[in-house]
Every structure is written in structure tokens, then in C-alpha cells.
Amino acid sequence: MSRLLIVHHTVSPVTHELFGQVLKGATTDEIEDVEVVTEPALGATAADLLAADGLIMGTTANIGYMSGALKHFLDTVYYPCLAETRRLPYGLYVHGDNDTTGAVRAVESIAASLGWERAVKPVTVTGRPGKADLEACWDLGATVAAGL
């Protein structure tokens, strides 16, 4: 059985809603033999990542950057997981009030330096999520899970 780790920083009703859709997509009945594990970004460890076959990260965009919580996770796992997680498929969703560009760029830069492979284009949501945003989050979860 494959394991998908979802590391999220869910601090607002909007990020909770996005996380919920990602989780629904990843755990849809149509995907078999994938265990989905969720961890808050401040609690996720290198051991969690080393046990995973794929990763989805969720964050807010704060002052043009990813959340401090997701940065903490990435700092924590960087060296312990550097060699062992090369080619790890990952996905990303980001919520911001008006711009997510810097947060996406920062996460993708770190993921590239770890040798991870983007499984799907990041989902970026600004402001209140619409139906298409929620569907994109569901698709993100399902696509990454199905690819494992």
C-alpha cells in the first residue's frame, strides 16, 4: 500500500475548506491501496516524510511567502530527507488574500532543491474560494493519490 502525506497549515476557515477538498479527493473510493496521512505543518516530522510515497503541502501566503509553519516543516526535513526523497511526487495548494506568487515560488524552489517532482500544477486561491477552486483542490488530492 502506498502512503500519501498531506502536510498543511490550516489556520482559517478558507484554508480548512481547501484542505477538506484535497482530503476528499485523495480519499475518494475510486483510489485504492493508498493510505492518506495528514499532519499539521508544525507537527510533521522527517519520519513522516520518509514513510511517504507522495506529498501534498498546503499553506497560506503570508506577506509574499509561505507560512512560517510550512517553512518550519521544510527546514526540519531538508537534510534528513535530502537523499532519500529524491523523485518524491508532490502537490501544493496555496491560499492568499491577494497574491500567492511568492509562496508558490518559495515552495517550488525548495522542492526542486530536494529533487522532488511536481505531480500537478499548484492550486492557488486568492480571496474566497469559488466552485472551480474547490474542484481544483479535490482534483489535486485525487491526482496525487492516484499517481502513487
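How many helices and how many strands are there in the protein chain? And with which strand does β1 pair over seven bridges?

A: The model is predicted: local features need pLDDT of at least 70, side-chain atom pairs count only at pLDDT 80 or more, and totals for chains, interfaces and linings use all residues. Residues are numbered from 1 along each chain as its sequence is written, and side-chain values use heavy atoms, with hydrogens and water left out.

The protein chain contains five helices and seven strands; helices (H or I, at least four residues) and strands (E, at least two) are DSSP runs numbered from the N terminus. Along the sequence, their order is β-α-β-α-β-β-α-β-α-β-β-α. The C-alpha trace spans about 35 × 35 × 25 Å along its principal axes. Of the 148 residues, 49% count as buried, where buried means under 20% relative accessible area, exposed over 50%, and partly exposed in between (1.4 Å probe, protein chains only).

The part examined here is strand β1, residues 2–8. Six of the seven residues of β1 are buried, and the strand is thus described as mostly covered. Two strands count as paired if DSSP finds at least two bridges between them. β1 pairs with β2 (residues 34–40) in the parallel sense over seven bridges, and Leu5 has Val37 as its bridge partner in β2. From β1 the chain passes through α1 to β2, forming a right-handed β-α-β crossover; right-handed means that, with the strands pointing away from the viewer, the path from the first strand over the helix to the second runs clockwise. A parallel pairing of five bridges also joins β1 to β3, where Met57 is the bridge partner of Val7.

Apart from neighbours within four places in sequence, the contacts of Met57 (heavy atoms within 4.5 Å) include Val7, Leu70, Leu92 and Trp116. A nonpolar core is a set of buried Ala, Val, Leu, Ile, Met, Phe, Trp, Tyr and Cys residues joined through side-chain atoms within 4.5 Å. The largest such core has 31 residues, and Leu49, Leu55, Met57, Phe73 and Trp116 have the most contacts inside it. Among the elements that each supply at least two residues of this core are β1, α2 (46–50) and β3 (54–62). A second, separate core of 19 residues includes Ile6, Ile56, Leu140 and Ala142.

Asp48, in helix α2, touches Leu5, Glu39 and Gly43, leaving out residues up to four places away in sequence. Gln21 lies in α1 (residues 13–26), the helix of the crossover from β1 to β2. Gln21 is buried because its relative accessible area is 17%; with residues up to four places away in sequence left out, Gln21 touches Leu134, Cys137 and Trp138.
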